[in-house]
Amino acid sequence: MKVILPLCIFAAFFANCADAATQAFGLTGKAKKHQSVVTRPTPNFRHDAAATTTSSATIVARGGACDDANAALFGKVGISALLQAAGLMGVLALGKAVVPILSKLGVPDLFGTSPALWAAFFLIIFASSIVGTFVDGGTSAALNQALDPNTTPGEQEWYQNLKKPSWNPPGWLFPIMWLIVSKPTQLAAVNRLWTVTEHGADRGWRLFAYCMHLALGDAWNKTFFGYQCVGRGLVVISAFYSMLLFSAYLFGQVDPLAGKLMLPTCGWVTVATALNWSIYSLNKSED
């Protein structure tokens, strides 16, 4: 109860703040003037507003038009992210519990860290969306984006048809930055934090903030690419970015090197956030 109650309060607070933000900055999803005709059924993870059926075709409104009200959508996203973050913390707890078992079996450490912890670190960092899949009961958009950056979930060609800034990074750069630059440095940062706080009492909440940033990253993928909500995705990626910076700060408080290892991810997410803002600015006139 000591953990669940604050989480529920945070979810409600996130939903109310996000709803206020969308109203203040005009991020409410609206149907675009130009609509596309789709001849296949709408995927289950889409929430399209102003959709009508004509014979065998479905006219689907674009531009982040979701049936859910802002508070309802952000409430779902917030609660899902909190549950996913709790699940990621559970993975870390499981890894820690396996450490003494491996020690009794004589399994040696790798670079001073138990293989059980390395496995837990690797799972939450490289495959956080697997936990999100169990939480949501569906396929994770984040995993699909990492494995196939040129294919977006939901409506085919939806992302390709959006107006983008001239500095839009090429599709092949995304998996390189995430899987080769960002994720390995995060792995090193988490291991460093775990090592230097081995006997500290404040490791848990710092790691929870980090897991929350991972969960919000998956939530952004789901909102932007899955629901195809550009404006509302902007709110989610802003929360994701803020939690990432907060996590880097917390890591740096404990160990300067751990904080510095988070900087590549901070830099890349800065680009991703700016890109989301630019895409929204370029396409909002059609909402």
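Mentor: Let us begin with a convention: angles under 35 degrees count as roughly parallel, over 145 as roughly antiparallel, 65 to 115 as roughly perpendicular and the rest as oblique. Please note also that this is a predicted model.

Trainee: What describes two packed helices?

Mentor: Two packed helices are described by the angle between their axes and by the distance between the axes. Here, helix α7 (residues 173-196) and helix α9 (residues 230-254) have axes that come within 10 Å and cross at roughly 40°. The two helices, α7 and α9, are therefore oblique to each other. The crossing in which α7 passes α9 is left-handed.

Trainee: Which residues of α7 and α9 make the contact?

Mentor: On the α7 side they are Trp178, Ala189, Val190, Leu193 and Val196, and on the α9 side Phe240, Phe251 and Val254. Sorted by class, this contact of α7 with α9 has 8 nonpolar residues, no polar and no charged ones.

Trainee: How do α2 and α9 cross?

Mentor: The axes of α2 and α9 come within 12 Å, crossing at roughly 45°. From α2, the residues Asn70, Leu73, Phe74 and Val77 meet Arg232, Val235 and Val236 in α9. The contact of α2 with α9 divides into 5 nonpolar residues, 1 polar and 1 charged.

Trainee: How many helices and strands are there in the chain, and in what order do the elements run?

Mentor: The chain has 11 helices and 3 strands. Read from the N terminus, the order is α-β-β-β-α-α-α-α-α-α-α-α-α-α. Of the 287 residues in the chain, 48% are buried. Among contacts with a separation of 6 or more, 74% join residues 24 or more positions apart.

Trainee: Where does Pro169 lie, and what does Pro169 touch?

Mentor: Pro169 is in the loop between α6 (158-161) and α7. Buried means under 20% relative accessible area, so Pro169, at 9%, counts as buried. Leaving aside residues up to four places away in sequence, Pro169 touches Phe174, Trp268, Val271 and Leu275. From C-alpha to C-alpha, Pro169 and Leu275 are 8.9 Å apart in space, although 106 residues apart in sequence.

Trainee: I see a positive phi in Phe111 and in Gln228. Is each of these residues buried or exposed?

Mentor: Let us take them in turn. Phe111, a residue other than glycine, has a positive phi near 55°. Phe111 lies in the loop between α2 (70-104) and α3 (115-126). Exposed means over 50% relative accessible area, so Phe111, at 80%, counts as exposed. Gln228, likewise not a glycine, has a positive phi near 60°. Gln228 lies in the loop between α8 (203-226) and α9, and at 2% relative accessibility Gln228 counts as buried.

Trainee: How many disulfides does the structure hold?

Mentor: A disulfide is a covalent bond between the sulfur atoms of two cysteines. The structure holds 0 disulfides. As for individual cysteines, Cys211 is buried, with a relative accessible area of 0%. Cys266 also counts as buried, at 7% relative accessibility.

Methods:
Residues numbered from 1 in each chain as written. Predicted model: local features only at pLDDT ≥ 70, side-chain atom pairs only at ≥ 80, totals over all residues. Heavy atoms only, no water. Axes fitted to C-alpha atoms, helices over the stretch in contact; angles between N-to-C directions. Helix = DSSP H or I, 4+ residues; strand = E, 2+ residues; numbered from the N terminus. Left-handed = near helix turned anticlockwise from the far one by under 90°. Contact = heavy atoms within 4.5 Å. Nonpolar A, V, L, I, M, F, W, Y, C, P; charged D, E, K, R; others polar. Disulfide = S-S within 2.5 Å. Buried < 20%, exposed > 50% of the residue type's maximum accessible area, 1.4 Å probe, protein only.
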